[in-house]
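Thanks for coming, everyone. Please look at the screen, and I'll walk you through a few places.

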Amino acid sequence: MAQILLHGTLHATIYEVDQLHSRRGGNIFSKLRENFEEAVGIGKGTSKIYATVDLGKARVGRTRMIENEPENPRWFESFHIYCAHLASDVIFTVKDSNPIGATLIGRAYVPVSELLDGEEVDRWVEILDEHKNPIHEGSKIHVKLQFFDVSRDRNWARGIKSVRYPGVPYTFYSQRSGCRVSLYQDAHVPDKFIPRIPLSGGQFYEPHRCWEDIFDAITNAKHFIYITGWSVYTEIALIRDTRRQKPGGDITIGELLKKRASEGIRVLMLVWDDRTSVRLLKRDGLMATHDEETAKYFENTEVHCVLCPRNPDNGGSFVQDLQISTMFTHHQKIVVTDSGLPNGETDRRRIVSFVGGIDLCDGRYDTQFHSLFRTLDTAHHDDFHQPNYTGASISKGGPREPWHDIHSRLEGPVAWDVLFNFEQRWRKQGGKDLLVNLRELDNIIPPSPIVYPDDQEAWNVQLFRSIDGGAAFGFPESPEEAAGAGLVSGKDNIVDRSIQDAYIHAIRRAKNFIYIENQYFLGSSFAWDNSDIKVEDIGALHVIPRELSLKIVSKIEAGERFTVYVVVPMWPEGIPESASVQAILDWQRRTMEMMYKDIIQALQAQGIEEDPRNYLTFFCLGNREVKKSGEYIPSEKPEPGSDYEKAQEARRFMIYVHAKMMIVDDEYIIVGSANINQRSMDGARDSEIAMGGYQPHHLSLPSQPARGQVHGFRMALWYEHLGMLDNSFVHPESEDCARKVNELADKYWDLYASEELEQDLPGHLLRYPIGIASEGQVTELPGTEFFPDTKARILGTKSDFLPPILTT
């Protein structure tokens, strides 16, 4: 049967299965279980029956497990499914779970063609075996389906539209109005770096300074300081700009937190417990998070630092539980404190939260100059970070790995949502009940707007997460209650995956352009070329890349301009030739190729001959510095012939893109900890947090493009990356802008990759070094099989032994 594109929202309900019995005597489940018990030598078990929803080879929903109802399992569960899939049928699969996996009972099929008119389909569907024969007489599953195509979505390609936009639906946290947001590019911005960027109302963009603001928030807290991190390293200093010193700014963050705790401030920290960092294996662990070191540092102090493993939710199989606890992480990076009022009043207190991509650990401090060698005797002498070469150290010299990242500060009602997230996580894994009871404090202002509705700088902000009941206390157990709380019910867990929902909604609303910076970019594996892989084994099922390519396709078909810009690192941090890095690069290539094939097919269908990079273009960041007198002189040298030595001699290295951000039409922005991969978007893998917000007085309207803080922030980022601003940059959707940015990035890549070095690189934005063939295949650029100074393939290499769940 022909496959049909389902692009929209599918509402599905699975009610029950009837008559699961065999006329020849004996229940089918007793037979399955007897076979299993005999095979593995365990005692009698109970049937645990669940059902799944598939579109093609993509799993898009699953019910909870029903115990002790072997003949008539009843779920009555509903699913809200975002689709961007080619499929001929919606497939309902019924399985029986056991401690090491699951046993197939049968599948039921509803043709996609019957859903396209948008009418509700409510019926009993026959359950078939693998050969599509009935499993036994009269056994059926009762389902209800209704599909809503994106073309019928009132928000499709309409932007925010008005101040009454209610936010992303079906989520745990509602959108909050009357907020303030500060956006941060990198940990620090030197004075006078940002040029005059005009905003509406005669204003100009003013940058904020992340680690300075976090230092002030910690220093000025009167009641509590709550921190979560993938990593927190006690030996780093937050204040390093000699032109912007602060009283007390010369101490490490470890000393600062101990000082504040000794002054009676409640300091609670949740740091991810890297299970590979047990002393028998390696003190720093595979991820070098310093978790053991940090916990030991705060032992017998008044700082309460808890190492949190990524525990599974209840009910998974032994194999699944082992996967979760050893493969996945706590990835949220937040600071929550009480703070004085903006007018300087310190007696009354409000809540301030910081959310984004920057961990309070080594290697994260950087400015927009992203120096490789020139800060090795100052800001980075005691913070030399270079994990891409074996044995790299300050004593052997640069290049250090520069770090580009994005963070935010949230004030107003949404800051309380971040606080509640911390409290949920502490109650689940923090141990003792040490949370400050804010109701008992008279001077804490309860959640309320902190700006008037007519304030031009007001924000509407919504908090999103990827997290499950294994990491957050108080999630409801029943699917009905979970759905009512904006959560998703799974086979054995309750999941918040609203970050993925936020990205999907923002992409679907987009009118003109999208700008993304992210540490990873892979997904929608159901749409990859499957000539050399089994796509159902990959499991990178989130739809964000496919949503982006389908958005561009829809605009090509409508004869409208639309451009997507994506900035990623050259390679994921680590030894670039290693199997894991090469596997991730391979998934990234497949994702890019899937998107370019969609776009080129749409261009060909319209008879348009145009470079697909005018619609979708990928970049990375890098730097190159000529040697200057007075530079730090290392006492040792890298190993002769090593890639480290080559990079040192060529005076170049990538700037590591660790940001997790998307800007839509200069009116809406998402900033958080979540990467564009399955680990971050799944909800039951890495735990994540993000904000999505806009300024209601600075929307993108037909008469006037958005010219608020989001626009100013994007222009500041482009100035950082390109070393200049051009008039075309104010209209990123235009062909002029796409061509200009691509021309500059091509030029900067050529300078970066050149054998000659005559001057500093004039800008950091580099073309991602790939070519695009006539049918959309992603190829090597001539003569560039490997990244400069490495033996690492740019297109990656498929791994035959690393499980995809680890690298997707």
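Where is the place of aspartate 273? Look in the loop between β12, residues 266-272, and α4, residues 291-297. Keep in mind that this is a predicted model.

Next, is aspartate 273 buried or exposed? Its relative accessibility is 14%. Buried means under 20%, so aspartate 273 counts as buried. And what is aspartate 273 in contact with, leaving aside its neighbours within four places in sequence? The list is Asp291, Glu292, Leu307, Cys308 and Pro309.

Alanine 379 lies between β15, at 350-356, and β16, at 403-404. Alanine 379 has a relative accessible area of 18%. The cut-off for buried is under 20%, so alanine 379 is buried too. Set aside the neighbours within four places in sequence, and alanine 379 is in contact with Arg240 and Tyr365. For a sense of distance, take lysine 57, which is 322 residues from alanine 379 along the chain. Their C-alpha atoms are separated by 50 Å.

On to a pair of helices. Helix α8 covers residues 498-509, and helix α10 covers residues 544-558. They pack at an angle of about 5°, and their axes are 10 Å apart. Angles under 35 degrees count as roughly parallel, so α8 is roughly parallel to α10. Which residues meet there? From α8 come Gln500, Tyr503, Ile504, Ile507, Arg508 and Arg509. From α10 come Ile544, Glu547, Leu548 and Lys551. Sorted by class, this contact has 5 nonpolar, 4 charged and 1 polar residues.

Now the strands. Follow the side chains. Leu616, Phe618, Cys620, Gly622 and Arg624 point one way from β23. Thr617, Phe619, Leu621 and Asn623 point the other way. Both sets are buried.

What joins β23 to strand β22, residues 563-567? There are 4 bridges, and the two strands run parallel. Within β23, phenylalanine 619 has valine 567 standing opposite.

Last, confidence. The chain has a mean pLDDT of 91, and 93% of its residues reach 70 or more. Two stretches stay under 50. One is residues 22-26, with 4 contacts beyond four places in sequence. Another is residues 277-286, with 20 such contacts in the model.

Terms used:
Residues numbered from 1 in each chain as written. Predicted model: local features only at pLDDT ≥ 70, side-chain atom pairs only at ≥ 80, totals over all residues. Heavy atoms only, no water. pLDDT = per-residue confidence, 0-100. Contact = heavy atoms within 4.5 Å. Axes fitted to C-alpha atoms, helices over the stretch in contact; angles between N-to-C directions. Parallel < 35°, antiparallel > 145°, perpendicular 65-115°, else oblique. Nonpolar A, V, L, I, M, F, W, Y, C, P; charged D, E, K, R; others polar. Buried < 20%, exposed > 50% of the residue type's maximum accessible area, 1.4 Å probe, protein only. Pairing = 2+ DSSP bridges.
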